Amino acid sequence: MKIVVDGFGGDHAPDAVVQGAAAAVREYGVKVVLTGDVDKLQTAFQKAQLPSKNIELVYANGVIKVEDNPMDIRTAKSGTSMGVALDLVKKGEADAIVSAGSTAALVVGGSMVIGRIKGVKRPALTPIMPNIDGKYILLDGGANLECRPEMLLQFAIMGGIYMNKVCGVSKPRVGLLNIGTEVQKGRELETEAYKLLKETPMYFIGNVEARDVPLGVCDVVVTDGFTGNIYLKAVEGMGVFMKRSLKRIFERTPASKVGYLLSQSGVKDVRRQTDYREVGGSPLLGTAKPVIKAHGSSDAKAFKNAIRQAAEFVEGGVIAEIQAALSE
């Protein structure tokens, strides 16, 4: 298996990319391709005193930035580190791609350079998030601001397959994000999507409210990209708020510091569960080959786990399962 990583995507590239790739090769036995300025990548390996065994370096010129037109990934920016990585996957010279670069450019590149699975109307960005029992996925997390009911149906199908094949959930529960659990709640998008979802063989539990999702009400949360991204950012912000609040509480008095020492193990478990670096990234479901969007601030640990995640995506046969489900 060969995973290509955009060597200059992300805030801490190329150092974090190089370190994460070396760790992934060592721990997971995958082959990795890094794209970008080869001289700078080699310097990063030497600086970190890391071996480059089973890591191939492919030259690319420059980086597509967040402020660039994402459509340029197909033309003017096709020779950048992300553009070259996408092309390697398109040509079959790599099995999957990982990038912490521009989300918009990666979505465009995944959809138009690598291409979509036959029948998929729009790929969906799929963050993997923690809940009280483990984890759940949200789609769409921001790739498609406007959606039609049949698109939400496809999101549900793709999300259910991913949770089953990659996350090991035997019968994923699918919920439609809404302002209430009643059948008649929501806009036309939600009411029409509800009708489609209830006719499928999936385990559709109906409408779910945002407050219940982190409590483990379902495994797959389906919504449009506009609502999904707002939900995602609100959850991320609340997570940061809780961490900072707990830190202040534990540092307030000598007694609270002792309390922290006594509960340190549990606090670390919660921290680990809510650490995006443990997950790796968000799959873009619906593309013809696996695409993983890593967080822009990914460090070496996050890149290592994003590569692992890409490998699991390939091994799970998710693409073939989605193709079969949509044809049915």
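Predicted model: local features only at pLDDT ≥ 70, side-chain atom pairs only at ≥ 80, totals over all residues.

Biologist: Let us begin with the sheets. What is the strand order of the open sheet of 7 strands?

Modeller: The general idea is that strands of a sheet pair through backbone hydrogen bonds, either parallel or antiparallel. Here the order of the 7 strands is E3-E2-E1-E4-E12-E11-E5, and the pairing is mixed. E3 and E5 (124–125) are the edge strands, each pairing on one side only.

Biologist: How many bridges join E1 to E2, and do the two run parallel or antiparallel?

Modeller: Strand E1 (residues 2–6) and E2 run parallel and are joined by 5 bridges; within this pair, Ile3 stands opposite Val32. E1 also runs parallel to strand E4 (residues 96–99), to which 3 bridges join it, and Val4 has Ile97 of E4 as its bridge partner. On the E3 side, E2 and strand E3 (residues 55–59) run parallel with 5 bridges, and Gly36 has Tyr59 as its bridge partner in E3.

Biologist: Why is strand E2 described as largely enclosed by the rest of the structure?

Modeller: The reading rests on relative accessible area, with under 20% counted as buried. In E2 (residues 31–36), 5 of the 6 residues are buried, so the strand is largely enclosed by the rest of the structure.

Biologist: Which residues have the most contacts inside the largest nonpolar core?

Modeller: They are Val32, Leu34 and Phe155, in a core of 61 residues. Helix H5 (residues 149–165) gives the most to this core, namely 10 residues. When neighbours within four places in sequence are left aside, the contacts of Phe155 include Leu139, Cys147 and Val222. There is also a second, separate core of 22 residues, with Val4, Ile97, Ala105 and Val113 among them.

Biologist: What is the order of strands in the open sheet of 5 strands?

Modeller: The order is E6-E7-E10-E8-E9, again with mixed pairing. Strand E6 (128–130) and strand E9 (203–208) are at the edges with a single partner strand each, so one side of each has no neighbour in the sheet. Direction ignored, neighbouring strands of this sheet are turned by 30 degrees against each other on average. Strand E8 (residues 173–177) pairs with strand E10 (residues 220–222) in the parallel sense over 3 bridges, where Leu176 stands opposite Val222.

Biologist: At what angle do H7 and H8 pack?

Modeller: Helix H7 (residues 225–251) packs against helix H8 (residues 254–262) at about 120 degrees, and their axes are 6 Å apart. That angle makes H7 oblique to H8. Ile249, Phe250 and Glu251 of H7 make the contact with Ser256, Lys257, Gly259 and Tyr260 of H8.

Biologist: Let us close with single residues. Is Gln309 buried or exposed?

Modeller: Gln309 counts as buried because its relative accessibility is 2%. This residue has its place in helix H11 (residues 300–315). Leaving aside neighbours within four places in sequence, Gln309 is in contact with Ile128, Tyr162, Val279, Gly280, Gly281, Pro283 and Ile292.

Biologist: Is Lys118 buried or exposed?

Modeller: Lys118 is exposed, with a relative accessible area of 78%, and lies in the loop between H4 and E5. The C-alpha atom of Lys118 is separated by 8.8 Å from that of Gly286, although the two residues are 168 residues apart along the chain.

Technical notes: Residues numbered from 1 in each chain as written. Heavy atoms only, no water. Buried < 20%, exposed > 50% of the residue type's maximum accessible area, 1.4 Å probe, protein only. Helix = DSSP H or I, 4+ residues; strand = E, 2+ residues; numbered from the N terminus. Pairing = 2+ DSSP bridges. Core = buried A, V, L, I, M, F, W, Y, C linked by side-chain atoms within 4.5 Å. Contact = heavy atoms within 4.5 Å. Axes fitted to C-alpha atoms, helices over the stretch in contact; angles between N-to-C directions. Parallel < 35°, antiparallel > 145°, perpendicular 65-115°, else oblique.
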